[in-house]
Amino acid sequence: MTVSIPADPHAAWLVRHELVPESALESYRSYALPDLIDLSYPGARGGDRDLLVDILGWFTIMDDHFDGPLGRDVTGARGLVGRFRRVLTVPDVPPAVTGSPQDGVVRAWHDLWQRQRRPMTGAWCRHAVGEWATCLETFVAETSHRALDTLPSLREATRLRRHASCLYPFMNMLELVQGSEIPARLRAEPDLRRLRANTADAATLVNDLFSLEWEERAQNPFNMVVILRQTHGLSRTESIAAVRAHIRRLMADSENLRERLAPRYPEARWYLAGTRQLVIGVHAWAGNTRRYADSV
């Protein structure tokens, strides 16, 4: 059987890796994921932009895998995440073909990791491996909660949501797009660690607000508004207000951190500004994508 390849490079990549059938491309395009990349990385061009769009598409599709039966299958979740982690630890070995319907998403991940690591230093790759691994392991933790019909505590939920959002790997991609890595001494700064945590939290919470009704209909408990209602007994309106207030605090604290860091690391002002733009991009996209068309 002959499969036609779409002209759009991202769509062609999705079809080649069997992530989205051609018949579903129109629905997938309504998510406008390339717009999120353009809003969040206005300087990305050419192959860098293509890579970012492909990563975001892969992550969105992989995330959706866990909205189905896999999201309650702890053994299956561990197995899939283990295959992703093997790609990170032995990247030069192509993933095995197992006959599983998940082979495509694993092959696609291998391609993406090769494209991420190729232009970067060993130090950057080691850092990125750790943050990708942390992100991927959150899917196992969330699956365990679904299987047991439990909710994480607010503290655990904050950490899970922070890393499950993939914002840490996407912050790392600021360096690839810039063609320059931030100094090791800046990476070790406690203020930068807090700024990155704030960025991941703020972007995730913005997305939680816009996706709320969509996730309520899907009975997905991993939304901070839902978690606040369950753990603190707040009403829906009170929970939404609390999340919005926390986003404002995070953004204000982030600006203070940038003001402290910029004079000490003037060569990395682009990175500090890039973390701000990621949150701006998520907010602009989430308010317009049809993925959350009926959300608040």
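Are H5 and H6 roughly parallel or roughly perpendicular to each other? Keep that in mind while we set up.

The model is predicted, so local features need pLDDT of at least 70 and side-chain atom pairs count only at pLDDT 80 or more, while totals for chains, interfaces and linings use all residues. Residues are numbered from 1 along each chain as its sequence is written, and side-chain values use heavy atoms, with hydrogens and water left out.

**Stop one: H5 and H6.** Select helix H5 (residues 74-89) and helix H6 (residues 103-117); helices here are DSSP runs of H or I, at least four residues, numbered from the N terminus. Their axes (lines fitted to C-alpha atoms over the stretch in contact, with angles from 0 to 180 degrees between N-to-C directions) lie 9 Å apart at an angle of about 25°. H5 and H6 are therefore roughly parallel, a label for angles under 35 degrees. Now show the contact (heavy atoms within 4.5 Å): H5 brings Leu80, Arg83, Phe84, Val87 and Leu88, and H6 brings Asp103, Val105, Val106, Trp109, His110 and Trp113.

**Stop two: Arg115.** Stay on H6 and pick arginine 115. With 18% relative accessibility, arginine 115 counts as buried, meaning under 20% relative accessible area with a 1.4 Å probe, protein chains only. Leaving aside neighbours within four places in sequence, arginine 115 touches Trp13, Asp50, Leu51, Asp54 and Leu176.

**Stop three: H1.** H1 spans residues 9-16 and is mostly covered, with six of its eight residues buried.

**Stop four: the core.** Next comes the largest nonpolar core, with 91 residues. Such a core is a set of buried Ala, Val, Leu, Ile, Met, Phe, Trp, Tyr and Cys residues joined through side-chain atoms within 4.5 Å. Those with the most contacts inside it include Tyr41, Phe84 and Trp109. Helix H11 (residues 190-210) gives the most to this core, with 10 residues. Center on tyrosine 41: beyond four places in sequence, its contacts include Leu52, Phe170, Met171 and Leu278.

**Last stop: Ala202.** Alanine 202 sits in H11 and, at 1% relative accessibility, counts as buried. Setting aside neighbours within four places in sequence, select its contacts Ile247, Leu250, Met251 and Val279.

Methods:
Helix = DSSP H or I, 4+ residues; strand = E, 2+ residues; numbered from the N terminus. Buried < 20%, exposed > 50% of the residue type's maximum accessible area, 1.4 Å probe, protein only. Parallel < 35°, antiparallel > 145°, perpendicular 65-115°, else oblique.
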